[in-house]
Each structure stands twice: as C-alpha cells, then as structure tokens.
Amino acid sequence: MYPVQTRAIYQEERIVTDSQKSRFAAVFRECDSGRNGYLSREDLKVAVVTMFGYKPSKMETDMLMAAVLEKDLPGMPLDQFMNLMSRKMAAQDRYDEMRQIFSAFDVHCRGFLTVEDFKRAFADVTPHLPEQTVLEAFSPHGDGTPTVLGVLGF
C-alpha cells in the first residue's frame with residue numbers, strides 16, 4: 001500500500017554531500033566572530049540565519065546549545081556544528097519534500113484533500129492502480145480526511 005512505502009522512504013537518513021559539509025565549515029569560519037574555534041550563542045544564531053534563512057527562537061537556540069552547556073564548553077566546536085547542521089538540513093529536506101507532495105495534491109490550497117483530489121492525483125501518477133487501493137490509501141486512519149502526514153502514511 002502507498003502509505004507504508006512512503007513511510008519507509010521518509011525514514012531513510014539523508015546523506016550530507018561533501019559540498020554541503022564544505023558549506024557548513026565555511027559558515028562556521030565566517031560566523032566564528034572571536035576566531036577561537038567555537039561559536040558563541042550569538043555566532044550560532046548568525047550561522048542558522050546564514051544556512052536556513054531565519055533567526056532561531058530562544059527555545060531553538062537553547063536546544064542547539066544544550067550539549068555545549070552540558071559539557072561546559074566555551075562554545076560550539078566545528079564537529080558539533082557540522083553534526084547539528086547535517087541533522088537540521090536532513091529534517092528540513094524531509095519536511096519540505098512532504099509539503100511539496102501534499103501541495104501538489106491539494107490543488108485548491110485548502111489544507112486537506114477530498115476523495116476527488118486524491119483520486120485525481122493518483123490517476124495522474126498511477127493510472128492503473130485499483131480504485132479500492134486508492135480509497136484505502138486516502139484515509140489510512142479511518143477519519144476520512146487526510147492531512148499532510150496522513151497522506152504520507154505517518
């Protein structure tokens with residue numbers, strides 16, 4: 001069934017390319033304002049803005065800095081920054097991909113899909129799929145109206 005296959009696809013780990021790793025290292029060097037080999041809390045905020053285009057909230061910054069504080073480090077070292085940015089980028093990639101798929105199905109921008117929307121999407125993608133399979137995939141939790149996560153089998 002479609003949702004089970006999708007779930008497996010989205011649980012795979014994304015591989016960070018060498019190019020992305022190089023970008024992480026370059027951003028780290030640019031944002032290391034003290035040139036001391038670690039990012040302060042403020043440096044980290046600037047790095048997140050540079051990498052992802054938004055300023056992290058106080059709560060997100062606290063979560064990103066938690067390991068640094070636990071280890072009583074003066075700031076975030078490069079290896080930890082690389083690890084965090086890799087995980088963050090993988091999570092954002094999966095989220096963006098899920099939203100794009102849902103948006104392609106949600107042609108009327110309602111935030112939910114009707115049975116007709118779902119049938120049309122499946123007819124375009126897999127025209128030979130039996131209608132019963134499409135209907136079972138439409139509402140895997142039995143509530144009749146899937147959300148972005150419901151469509152993708154989560």
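The dialogue below treats the chain as a whole and then its helices.

Modeller: This is a predicted model, in which local features need pLDDT of at least 70 and side-chain atom pairs count only at pLDDT 80 or more, while totals for chains, interfaces and linings use all residues. Residues are numbered from 1 along each chain as its sequence is written, and side-chain values use heavy atoms, with hydrogens and water left out.

Colleague: How many helices and strands are there in the chain?

Modeller: The chain has 8 helices and 2 strands. Helices (H or I, at least four residues) and strands (E, at least two) are DSSP runs, numbered from the N terminus. Along the sequence the pattern reads α-α-β-α-α-β-α-α-α-α.

Colleague: What span should helix H2 have?

Modeller: The expected span is 1.5 Å times one less than the number of residues. Helix H2 (residues 18-31) has 14 residues and should therefore span 20 Å, which agrees with the 20 Å between its end C-alpha atoms.

Colleague: Which residues of H2 are buried?

Modeller: Buried means under 20% relative accessible area, exposed over 50%, and partly exposed in between, with a 1.4 Å probe and protein chains only. In H2, Phe24, Ala25, Val27, Phe28 and Cys31 are buried. They lie on the same side of H2, because they cover an arc of only 160 degrees around the axis; the arc is that of the directions from the helix axis to the C-beta atoms. Asp18, Ser19, Arg29 and Glu30 are exposed on the face turned away from the buried side of H2.

Colleague: How is the packing of two helices described?

Modeller: One gives the angle between the axes and the distance between them. Axes are lines fitted to C-alpha atoms, for helices over the stretch in contact, and angles run from 0 to 180 degrees between N-to-C directions. The axes of H2 and helix H3 (residues 41-52) come within 9 Å and cross at roughly 140 degrees. H2 and H3 are therefore oblique to each other, since angles under 35 degrees count as roughly parallel, over 145 as roughly antiparallel, 65 to 115 as roughly perpendicular and the rest as oblique.

Colleague: Which residues of H2 and H3 meet?

Modeller: Contact means heavy atoms within 4.5 Å. Arg23, Phe24, Val27 and Cys31 in H2 meet Asp43, Val46, Ala47, Thr50 and Met51 in H3. Phe24, Val27 and Cys31 are also among the buried residues of H2.
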